[in-house]
Structure formats: C-alpha cells, structure tokens
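Hi,

Here is the structure I promised to pass on.

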Amino acid sequence: MSDEPQPKKPRPGWASHEPQAADTPDDARDDTRTDEAALPRSDEFDGEPGGNDGTGSAPAQSGGSAKAGVSAKKAAREERRAALKARRTGWRRLVPTWRMVAGAFLVTAVLLVGGFLLGYALVQIPAANALATQQANVYLYADGTVIARDGEVNRENVTLSQISEDAQHAVLAAEDRDFYTESAVDPQAMVRGAWNTVTGKGKQSGSTITQQYVKNYYLRQEQTVTRKVKEFFIAIKLDRNQSKDEILEGYLNTSFFGRGAYGIQAAAHAYYDMDASELDAGRAAYLAALVNAPSQYDVIAHPENRGFVEKRWNYVLDGMVDEGWLDPAERARLTFPVPKRTTHSTGMSGQRGYIVNIVKQHLTDNKIVDEAALDAGGYRITTTLQKSKQDAFVESVNDNLMDRLDKKNRKVDAYVRAGGASVEPKTGKVVAMYNGIDYVKQYTPNATRRDFQVGSSFKPFVLTAAVENGSRTQDGRRITPQTRYDGTSERPVQGWAGPRYAPENEDHEDYGDITVSEATDKSVNAVYAQMAVDVGPDKVRETAVALGLSPDTPDLDGGGPSIALGVANASVLDMAQAYATLANHGKHTPYTLVEKITQNGRDIALPERRTRQAVSREAADTTTSVLKGVVEKGTATAAQTSGRPAAGKTGTAEEDTAAWFAGYTPDLATVVAVMGQDPVTAGHKSLYGAMGLPRVNGGGAPAEIWGQYTSDALKGVPVSSFSLRLQPGANESQPPAPDSSDGPSSSDDPSSSAGDDADGTDDGDTDGGTPEDGSSTGEEDGTESEGQDSTGGTATGSPTGGQTGDTGDGAGTGTGGTDTGGGGNTDDGGSNRDELPGPGGLSGALDGRRWN
C-alpha cells in the first residue's frame, strides 16, 4: 500500500465549496441556485462514481479529470445564468410572477383570517366605563316641574318607550339610517370616513350607531388605533348579544348633546325644557343634528353657525322623509325650532340646593334609598313640594324681611336668617320650605336645623298636655282655658322640687289674676311655667313628641318648668308637623317630602305612613280655640292678613336670638322663624335693631310672612272655618285661686260669660257679625257639628242675648252680667260661635258652653 494520502469517499450531501468568480453578480448566483436542480449533472458517470475495483485502488479518474469536471459544472451554471438574464430584462424584472402573486394573496388571507379570529377571541365586552354609568338624580315638584339635578354628570336614563318616535327616527336619519337592517360595523363607511379625514373633508368616524355606543359606553373618546380595533370587535359581539332596540336605547342615553347634557332626556330639558317623550320632529331633528358637533351647533351660543346648523337640520328631516318616517306635507310645514336661551336652572343655587340635601336626608333616614345608591344616581324623585306655594314662600320672606334689611348701614342686618315650613294637616305632605337666601351663599338649611330655641311657640303643647291628661292646679282646680293663674312676673313656681324658678314675663310686666286663655294671648311666662309643673314636665314632653317633635330634640329633656318657655331647640319643620297635628284634631300623620321615586322607570316602594290619634280631639281642639285668640286679639294680629280663620302662637328665644310664629288654618300649617347668626363665626346673635326696629318678635316679621304666604298659598281654595269639639267645661269661668294676687279677677258669678276678658271685653267678635244657631256643619265626616255635644245631642237656643259690656249691634244688651237674650251664653246650650265671621274673614272667639 502506498504511503501517500488516499482520497476520501465523499459523504452524503457533499458539495464542492469551489469559490465563485469574484465578478459574478449576486442575483446571478441566486438565479443559478434557483434553477440549478433542473439541469443535468455534469459529473454523473456510467459507472459507480467513486467506486472501488475491489483491490483497494483509487477511482479510475485521475486528479486532472476531477478538476475538469468541476470546470464543466461551472460553465454550465454560467450558461444558465445568461439564459435567465436574457428572459428577465427591462420592466419584466419588476412584475411579480403569478406564483408570487398567489403566494402573497394566500399569506395575506391567512394573516387576516387569523388576526380576526385572534382578535375576536381576545377582545371581550368590558364593563361600562365610569362616565357612562353616572347619572344625575332628578328632583321634581309635585307637578313634575324640575327642581334640580345633582351629580357630576347631567344624565337621566330613560327607556326607549319614553323617547318619542320622532326623536328615535331623527337620530337614525342623522347617524345610521340602515341601523335596523345592516350589521354592527360598516367597513366601507369606515374607509370612507378615514379617507375624508385624511383629505381634509372633516374628521369623520364612519362608525355605525352600534360602534358609537360602544365608544360611549364601554371605551373612551381618544382617537387611537387600539381603541378603534377594540370598538370593532366589541361592536360585533354586542350585536350578537343585544337587540337593536337595546343598543339604540343605550346610544340615546349616552350621547353628548352639549350644554352639559348627556342623553336625550337631559338634552330635551336643556334645550326645550321638556321630556324626551314630548319631542316633535322639528325639535328632535335639531337635537339629532347636535350630536355631530354639540358645542358648535348650539345656535344660541354660536349664532354665527346657524346656517350650517339649519343645513344639517334639513338633512335630518329629509332623511326622515326618505325613510318614510315623516310625512312630506308635515315636513314642509316645519320651521327651525330655535332652542330656549335659558331653561330652568338645574344647579344648586337659590332654594334648590337646600331642597336636594333635605330630600336626600329624608330618603336615607327613612331607609327608602341608601346613600351609596343615591350617589350612583339615576333616581327620579317627585317631591310633595308645590311650586306655586314654594314661590309664594320665597316672595313673602323677601317682601316682609329680606327687602327691609340694610346690611351696609346696619351690622345686625347681616345676621338675619329665615326658615319656614308648610305642611298639609290632613296628609302630612310638606308643600313648601324656606331655608335661606341662597344655598351657594348660606349652606345651613334653616328649615331643619335644631339649634335655636322655639320660645313661647312651645306653650300650646303645655295646654294640650293639660287637657289630655286631665291635669289640675296645685289647689285642685281642673285646668281649662278659663282656669285662672297668678300672672305676676318673677313669681316663684309652686310645687316644683327642683331649684327655685321664677321666670319673668316679657318686659317684666305683671298681669295678676289671669285666665289661661288670656295668658296665651299675652304669652305670660309666669302662668305657663306654673302650668308645666301642674301637668308634669315629663307629660308635657310626651305630648310634644306625640304631636310631632323629634324625641331627639336638643334640650327637650330635663328642663323642668322651663320646658314651657321653649328652651327646646326644635326645627321649623318639626314644629310645623306638631302644629299640623293640632289642626287635624289631634290626628298625627308623619310628614313626608317624597310623593314618588323611580329608577330607570321602576317604582321604588315608599314606607307606609299611618295616621294615629296622637292626642284626643278635645285636647287638640281646645288648644286651637285658645290659639285663635292669639291671632284675633293677642300677639299675632299681623297674621290676620291671611284673610282666613287662623290659630297660632308667637315665640321669642332667649336674648332675642330668634323670633317665631307658628300658625295654621284648617287647610295649612306653617311655621316661620327669623334667626340671628354671625356669618363668620356661625354663633347665635341677638336681633335687637334688625330692620331698624328696637327688637324682632314673633308678632312682627314672622307673623307678617305667615299672613302673606298663607293668603297666596290658599288663593282659590274655599275659605273654611275650624270645626271644634272642646274639652267639657272649656268655656266655664272659674273662681280665682285662693292665693291670687290683687290683679284683675274673674266674676264670682259662675254663669258669667267665659268669653269675657279681664277688661270686660268679649272674646267673641262683636263688630256686627250674626251669630249662627246650633245647626252649623260639623267636621269633614259630618259626625260632629258645632252645635252638638259629644254625645250627638243638638244644642238649642239662639245666642242673641248680649253680655256684660257687650255693645255689639244686633246682639242685644245685657245688664248685671246676666244674658238677656234667649238661649244666649248659658250652660244649657247655644252655639260656641266658632263659625262666626269677624274682621277680615276671621271667626269670632268661642262663647261659653258646657258639654253634657
């Protein structure tokens, strides 16, 4: 065997690594590789290549022969390159072959289908974005007029059935006329919209209503490729999951229309002050046009754009005609409906903010709606407030108080605040409130605050408690309106186990021996403090709570005799509720501020309100008979401007920090308070010198406000008189207390008129009214008339006889204290003259009558 190296047998897949010529172009090399396999191999032989002859010798070819074979293959490749170049010259080299086109199309199709399937699988319908779900709570007067909308977003969702067909069709004509027949996406429109945007014809989305709804409800408004891709896939899925009606309803509730209004219901109120259900074709077409450019298409804010707006408006209407949604003749009659320059404010200024907060508190306190749900919004709350009465209350406060203030020249006038509440006695509905000059300037609601003393307006609760409990004086006399007390100022209260208590009367005036009725007219503190001890402070408190005061009223407990003087800090609204119970013959119905509440068209259940007999009718009506005298001849004669039979009581807080008048007619109970508060420190301030007056008391501005408001609030309501059933012996005069002081005293004659005042004047009106007989109409159910006793017996006799000192014309004259008229003011019967008309339409005071 030769010692020279032997050539190795080529391995499978071996190929020559012969370097190519340096001047060979790259594309030629590539083309050679491409078509090389199609040409015959030049190194193939007839025999076994690289074979072995069995003797272990080298292949038959010599080294030179191998090199020649390589050269031959190289030449063949170059020949093929030349042939390819000859075929692909000029423009032909730029044209892809059909194989290339088919391959590219196939690859593109695979990518598109795969991308669609991948996107459809990955993109899910998300939860609604926070802005889309936010709604305002809408607060309405009892007649449906909007009071206010609260919440950061002015939106009120409504169902499709609550949107007029004209409004639905107008939006479809403006945005997507094929909505009900086409798919959720329109690629052609998307391409057209993109092209118009690129070419400067305006930014156009080319989106369907479904896509716009997806953008409004599920996504955000940013113009990004990612958002558009998500919008595309979500729209397709949503179209499979929801009906067309549901999608249209959602779109109409989420679209922005300008003026801060989201959704067509808010827009209808913002531009035309009406519900979406009331929109006609003309107004609906304008709102539909707004969606395209809300801020620019408001012709009030941008009158210069009116031409463009009307063009868009006509486009919408013509589309409605083309689609068969609008009659051409009606279309021809339509004129451009200019929106209102201003609509009712839905903000919190004026009384609105107070009302919203008070109603919200009422809803949560009564567990009607919890706070979190209210914050989420979407509630339509119809209150019991009546717009005419609410406006009348504000006007009366302005006329009789606010317009009389001079804050620049009188510092005390800057302290003046006012609060008021008005309640229907029979229903308990709060029909009006006054809380302050403006919620955005004074945040505290004066109708519901509990930090000012109610003063003597509390005294009627003491009298009611006395009658209700059959209370007696310290010497055993039954307490009635004619029971006499010592009215000396700073007289120590008797029978009180606590510290010495000797309240002073207003201006330290001494009244001596005085009846409860007179003491009420003159608001004598000495009498009522003693009466509170005679009744029992705890029973007085129980009666006040039963009538309507909150058991949580500050300073209502533990006051002892001072409870009678109104040290409790009750709210104006609480006091109105209590006085409404007196007006309703002792029947108490918890007050309410809410008539109806719905959410997305669904009614929310309101708690049951039950009327109960809080105190006996005799106790309530006896108190009413006494309180009538306060208006007729007592401290509240200013309230006679109501022109109706009225009962009430004035009150003044300690140091004159508040003045009250609480009064009622058979139809309405209203309480007014004027308060003093430092606007900087919020501390209570005395009202001495306010309005240029020495002092402010309940018979001044509060009674004047009450009179004007009551007159306006009940305008058109027939005048009705009180129908009263009194405590037995309520008008029987009583002898003075054994230890009475040397003041005015009652007649010792038990038959003397209980209506006689200490000065000899009659409680009743003697200015020419004609007394009624015993057949007067009773209360509303007809079971108790003024001329009937508690057992239904009819009192007889005509009270035409005069009384001592009575000089009224036609009433006869009496001498010696004995009635000379037949059946006059005697124990055996006769009218109590409750229905007797008096000055300004007021009824006369009750004459004495004993119940059988």
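This is a predicted model: local features need pLDDT of at least 70, side-chain atom pairs count only at pLDDT 80 or more; totals for chains, interfaces and linings use all residues.

Numbering starts from 1 along each chain as its sequence is written, and side-chain values use heavy atoms, with hydrogens and water left out.

Helices first: the axes of α7 (residues 209-217) and α9 (residues 244-254) come within 9 Å and cross at roughly 50 degrees. (Axes are lines fitted to C-alpha atoms, for helices over the stretch in contact, and angles run from 0 to 180 degrees between N-to-C directions; helices are DSSP runs of H or I with at least four residues, strands are E runs of at least two, both numbered from the N terminus.) On the α7 side the contact (heavy atoms within 4.5 Å) is made by I209, T210, Q212, Y213, N216 and Y217, and on the α9 side by I247, L248, G250, Y251 and T254.

Now the sheet. Five strands form an open, antiparallel sheet, in the order β7-β6-β16-β15-β14. At the edges stand β7 (430-434) and β14 (647-652), each with a single partner strand, so one side of each has no neighbour in the sheet. On average, neighbouring strands are turned by 5 degrees against each other, direction ignored. Within it, β15 (residues 658-664) and β16 (residues 669-676) run antiparallel and are joined by seven bridges (strands pair if DSSP finds at least two bridges between them). A662 has V671 of β16 as its bridge partner.

Cheers
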